[in-house]
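Let's take a friendly walk through a protein structure together. Have the sequence and the 3D view ready, and look up each residue as we come to it.

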Amino acid sequence: MLPAIALSVLLTVTPAFALWPLPREYSTGNTPLRLSSSFSIKLSGISQAPSDLKAAVSRTSTYLRKDKLQALLPDRGASSASAIRGAKSLSSLTLSLTTKGPVKSISEEAVADIESRVEGYTLTIPADGSGASLKANSTLGLFRGLTTFSQLWYDWDGTTYTLQAPFNIVDSPAYPYRGLMLDTARNYFPVADIKRTLDAMSWVKLNTFHWHVVDSQSFPLVVPGYTELAEHGAYSADMVYSQNDVKDIVAYAAARGIDVMPEIDTPGHTAIIARSHPEHIACFEASPWTSFANEPPTGQLRLASSATTNFTTDLLKSVASLFKSKLFSTGGDELNANCYTQDKETQADLAAQHKTLEQALDTFTQATHAGLREVGKRAVVWEEMVLDHSVTLANNTIALVWISSDHVSAVAEKGYKLVHAASDYFYLDCGGGGWVGQNVLGNSWCDPFKTWQKAYSFNPIANLTEEQSKLVLGGQHLLWTEQSSPSNLDPIVWPRAASAAEVFWSGPGGNVGMALPRLHDVSFRFNQRGVKTIALQPLYCALRPGKCDLQA
Amino acid sequence: MLQLATILLVGAALFPNEVLGLWPIPRNLQLGTTFVKLAPTFDITVSFNAPQDLLDAVTRTKEYLQTDKLERLIVGRGTNDSAAVGQAPSLHGLTISLLTSTAPRAIAEEAVLPIVTRSEGYSLTIPGDGSTATLTANSTLGLFRGLTTFGQLWYDLTGVTYTYQAPVKIVNDIPAFPYRGFMLDTARNFFSVDDIKRTLDAMSWVKVSLRVIFSCSGSEDIAQINTFHWHVVDSQSFPLDIPGFPELAGKGAYSSSETYSTADVKDIVTYAGARGIDVLMEIDTPGHTAVIAASHPEHIACSQSSPWTDFANEPPAGQLRLASAATTNFTSQLISSIAGTLPSSLFSTGGDELNTNCYAKDAQTQADLASSGRTLEQALSVFVQATHKSLTDLGKTPVVWEEMVLEHTVALPQNTVVMVWISSKNAASVAAKNYRIVHAPSDYFYLDCGAGEWLGKDPTGNSWCDPFKTWQKSYTFDPLASLTTAQKPLVLGGQQLLWTEQSSPENLDSIVWPRAASSAEVFWTGATLPDGTARNVASALPRLHDVRYRMVRRGVRAIALQPHFCALRPGVCDLTS
C-alpha cells in the first residue's frame, strides 16, 4: 500500500486538471501515463476523411510534440520524474464517427445553423496504455475532442505525460454561440493577426468570430461592386481585406470550427462611406462631434433616402456573398437622432414620405434585412434595435446585448434570441483610460477593467424565466480597438477571452478559485504556442494555486 | 532670431496640421518650412578621435535613418510633399564635434561617473540649403542626445528620406531636470535580458536619463547619470545572482534559466551606459524579501504567514529580521556585494511597505528587541544605517522610498534621494524635510494601474490605484507643485514605473510605450515649450503619435493611443473638436 500512499501525496501537488473549458462530464484518475515516442492519431472507419479533419489531426500532433509545457508547480514536475519514467505508454488515439452516412467537413459543420451544430464528443483514455478513443457525431465534435486531448499533457525532460489517467470525458457545449468580437476599423489588423486569434479561439472551443470589420474611422473591406469604399475609406492601400483575404480568413476559421459572422454597422458608424459616397451620409464630420456621434468622426447613412436604402441593401448583400455564415450583423447601435434633425436632406425625405424618423428607420431596416434574407442570411442586431427603436424585426433576429447586462431581460421579454456581449462583463477595452484628445482627466467610459474573474462570474440566465432562458444563444468577449492594435492584440485579449469560452461551454456556476489554476495553464500553453498572453499574476502565484487568493 | 521665429509662426499658420516628431521637444528650437532630403551618400562624420560607444551610436543613428521609413502622420502620408521633396536640396553630411579640448570620454563613462561641468546639452543646426549639418556638445553624452534628436526629424516618401522643417536650429538643448527614469520590476514576473535591452533602447530614444547634483564636503559636484531603476528582486522571486550569495538566486529564482547572472548584469549595465543610461539597482529592504527565506530562513520573519493580508501588502509574507545583528550584517554584505559590481553612484535600499505586525508576531524579533532595549523604530534605524554605510563605504548614495522619511524615524543623511510613490501630495512633505526628490507617484506615473484585481477569489476586486494613468494625466504632472522656491532645487526629476504582477514579456512594450515617454518630456522640457507657451496635451499628442509609430518601426510594440484615423488628423479627435 505504500505506493498508493505515495500516489495520493503526489495528487495533492498535482497541477489542477487543466482542461479549458471544463468538460460537462468527466472523470480522471491518478495514474501516470506518457505518450509513446511513436504515438499516433488514427482515423477509423471514416471514409474519405475531409482534409480539414486530417489537417486538425496533424496540428494536434504538432502541439503534442511542441507545446513542451511544464506543469505549473514550484518544481515544474521534477518530483514526478520517477513516476513519469515508470509510466505506461499510450501509443495511439483513434477517432471515429458514431453516425453513418456522408461525412461533412469541419468547415461545413462550423457554418451550419447555429442551433443545429453538433460539437459534442466522447474521449476515453485508459490508464493501462491501451489505445485511447475519441468518438463524435460530427467532424466538428471530433475537432473539439482533439482540442481537449491536446490540453492534457505536460513535458518533463522531453517526455510528454499526464499524472491523471484514466480519463473518461463526455462533453458538449451548454450554449451554441461562443464568440469573440474584433473591431478592425478603429485600428487595422493584418490577416496574420486574425489567423493567430482564430487559432487561439479554437484552443478554448470558441466557435464564432464576430468581425466588426468597418466603422466610421475606416473601411478596410474590399466589397465586390463597391471597391471604392475601401479605396477611399481604408487607412491605406495596404490596410485592406481583399476578397482573397476574406476567403482565406473564412476558410481558416471554418477549418478550426469557427463561424465568421461579419458586421456592417448601419445606419450609424458609417461616416467613412462619405469619402466615396458623400450623397449617402448625413452630418459628415460635423462639429462639435459630441453633438452628432459617440466618437469622432460623425456621419450616418441617410436612412430616410430610398437611394441610400437601396445602396445599403445591395452593399450588404454583396458583403454577405463573401461569407459562409448564416449570420450577418447589420449593427444598429448608437443611432444619433440629432444628426438627422440637422440634416436638411433627411428632413426633406421624411417630410416627403410623411414619416417620422422612427418609421423611416423601420423601413430602412426592413429593407436591409429583407435583402439579407434573400441571400439566405439571418439578421443580428445590437440591442437598441429591439429596445430603443420601433423597428419590425423577423422573429429569428438575434440581439446582441452590449450596453448593460441589466438589459438582457428586456430583450428576452420581447422574445428575441440573444447573445450576451455586456460591456459591464465582457468589454476587453474597458479600463484603458480616456483616448479622446484634450481630455486630461478623461477615463474609460466603461471603467473599470473587466477582469477574467468578473467575466467568469457572469450568469447567462440571471433574471430570466425558464422559458426566456431558452432564448440565450450564448455570449462573447469583445475588443473595440480605439486603443488597441497588433502591438497589444494578444495580451489584451488573452487569456481573458477564455473566460467567456468556459462560461458558455461549461455553463454558469463555476467558481473563480477552481478556475484560476486552469486559466494559468491556458495562458502558459498559449504562450508556448506563440500567443502572447498577459500574465494574470506573478509566476510565484501561478505555480502555487490558492496562495495568492484574497483570503489565503 | 527674429527672422527664424517669424518663419516658425508663418509656418504654423500656413500648415496648422503639421506636427514635428521631436520628443522630448527641445527647450530651444527654431524650425523653417524648407524641404531637405538625405543624399544617398549621406554620412555622419566625427571630427575627433571618438570612443567606440559614440561610433556605435553614430552607426545606429545611420541605421535608423535607413530603416525607420516612417511616413508623415497626415492624411495622404506625405504624398502631397512629392514635388517639394523632388526639388529639395540634398543633405550630404552631419558633422559632429566636441566643444572641449579635453580627451573625449566614452558615453558610458559620462553616464555613470560624477563629472563636474559635463552636461547632456547639445546644439544642432541643419541648414535649409543642403550644406552640412552640425552637431556640437561638451560631451559625448550630449552628442548622443543630439543624434537622438537628429534621428527624429526624418520621414520617408517612396524611399526618399526627408524633412519638411529645415532650417533646424537648436542651441544648447539641456534638460530641465537631471533625473529622467523608468522603473521595471523583474521579480513579480521575469524579463529576459533581451526585453530589458529593447526597453533601454526605447528609453534612449526619448532621452530617459538622470543627472544628480551631489553636495559633498561643501563643494557642489555635478554628476551626470542616466537611469534604469531596476527593481530586480522582491518577495516573489530573487532572479539576481549576487557574488558570494549564489544560494539566493539558486533557491529564489523562478527557475535556473530565469536569472540574471553576473555577466548578464554587466551586459545590461554596459548596454545602458552606451545609450546614456545609468542602472540604478534596488534591493528592497527590509520588506519585500520573503523569498530570501528559501535559502536563509533564519533571516526572515513571518515567512509565508497566513492570512497574508495581516503580514504584507501582497503574498507571500516575509520580511528581513531587522532587529537581528546577524541579519543586519547579512543584508549589508549582500548589498555591498552587488553594489560593488555596479558603476552607478546610486543604489536603492527600498524601504516601502514595512509591516509592523509581522515583527510583532515574530518571537525572534521580539527577543532581539528586548535584549537590545530598542523599539522597532530604533531597530529599523540601526538596520538602515548599517545597510547605508555599506553603500557609502563604496562611494554610493542611497536611494529610498518615501516611507523611510515620512513614516519612520530613521536617521538618513540629507543627500539621500527619496522616491515619492504613494501620492504626489507627499512630495511637499519630503521637501519639508529637505531631502532630494524623485517623483514616482502612483497617481500619475504607475503604469500598472487600472488593470483590475490580480488576487485570486476576488471577482469584483479592482486595481488598488485605479484608474489607468493615461499619458495625458502623466503629462500634466507639475514637478514643482506645492514647493517653495527654496525647495524646488530638491526636485531631481521623476519616472514612470512598471510593477509586474500583471505584466510579463508578452505585454512589456505595449504597457510601457509610448506612455513612459510622457514623463520623459515633463522632465526634459520643463514647463514651457520652446516658443515660451505652456506645455500642453493638445500640441503633445501629435508628437506622441509620432514617437509611437517610430517605435513600432524600430521593433518596439508600442500601443495605439487612438484610432489611426485620429493619428493622421491632429486635433480632430479632441474632446471639443
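How many disulfides does the structure hold over all chains? Counting over all chains, there are six disulfides. Keep in mind as you read that this is a predicted model.

**Sulfur links**

A disulfide is a covalent bond between the sulfur atoms of two cysteines.

| Disulfide | S to S distance | Angle about the S-S bond |
|---|---|---|
| A:Cys283 and A:Cys339 | 2.0 Å | -100° |
| B:Cys302 and B:Cys358 | 2.0 Å | -100° |
| B:Cys566 and B:Cys573 | 2.1 Å | -75° |

Begin with the chain A pair in the table. The link of A:Cys283 and A:Cys339 is left-handed. A:Cys283 sits in the loop between strand E10 (281-282) and strand E11 (300-301) of chain A, while A:Cys339 belongs to helix H10 (residues 337-341) of chain A, so this pair ties together parts that are 56 residues apart in sequence. Are these two cysteines buried or exposed? Both A:Cys283 and A:Cys339 are buried.

Now move to chain B. The link of B:Cys302 and B:Cys358 is left-handed.

Why does B:Cys566 count as buried? B:Cys566 counts as buried because its relative accessibility is 2%, with under 20% being the cut-off for that word. B:Cys573 is also buried, with a relative accessible area of 3%.

If you number the bonded cysteines of chain A in sequence order, they pair 1-2, 3-4, 5-6. Counting the bonded cysteines along chain B gives the pattern 1-2, 3-4, 5-6.

**Two helices side by side**

Next, stay in chain B and find a pair of helices. Two packed helices are described by the angle between their axes and the distance between the axes. The axes of helix H9 (residues 325-339) of chain B and helix H12 (residues 376-392) of chain B come within 8 Å and cross at roughly 25°. Because of that angle, H9(B) is roughly parallel to H12(B), angles under 35 degrees being counted that way. The crossing of H9(B) and H12(B) is right-handed.

Which residues make the contact? H9(B) contributes B:Thr328, B:Thr331, B:Ser332, B:Ile335, B:Ser336 and B:Ala339, and H12(B) contributes B:Phe383, B:Ala386, B:Thr387, B:Ser390 and B:Leu391. Sorted by type, the residues of this contact are five nonpolar, six polar and no charged.

**A buried isoleucine**

Our last stop is in chain A. A:Ile249 is part of helix H8 (residues 243-255) of chain A. With a relative accessibility of 0%, A:Ile249 counts as buried.

What is A:Ile249 in contact with, leaving aside its neighbours within four places in sequence? The contacts of A:Ile249 are then A:Val191, A:Ile194, A:Leu198, A:Trp211, A:Tyr241 and A:Val260. Take A:Leu198 as one of these partners: A:Leu198 and A:Ile249 are 51 residues apart along the chain, and their C-alpha atoms are separated by 8.7 Å.

How values were computed: Residues are numbered from 1 along each chain as its sequence is written. Chains are lettered from A and ligands numbered from 1 in the order in which they are written. This is a predicted model: local features need pLDDT of at least 70, side-chain atom pairs count only at pLDDT 80 or more; totals for chains, interfaces and linings use all residues. Side-chain values use heavy atoms; hydrogens and water are left out. Axes are lines fitted to C-alpha atoms, for helices over the stretch in contact, and angles run from 0 to 180 degrees between N-to-C directions. Helices (H or I, at least four residues) and strands (E, at least two) are DSSP runs, numbered from the N terminus. Angles under 35 degrees count as roughly parallel, over 145 as roughly antiparallel, 65 to 115 as roughly perpendicular and the rest as oblique. A crossing is left-handed if the near helix is turned anticlockwise from the far one by less than a right angle, and right-handed if clockwise. Contact means heavy atoms within 4.5 Å. Ala, Val, Leu, Ile, Met, Phe, Trp, Tyr, Cys and Pro count as nonpolar, Asp, Glu, Lys and Arg as charged, and the others, Gly among them, as polar. A disulfide is a pair of cysteine sulfur atoms within 2.5 Å. Buried means under 20% relative accessible area, exposed over 50%, partly exposed in between (1.4 Å probe, protein chains only).
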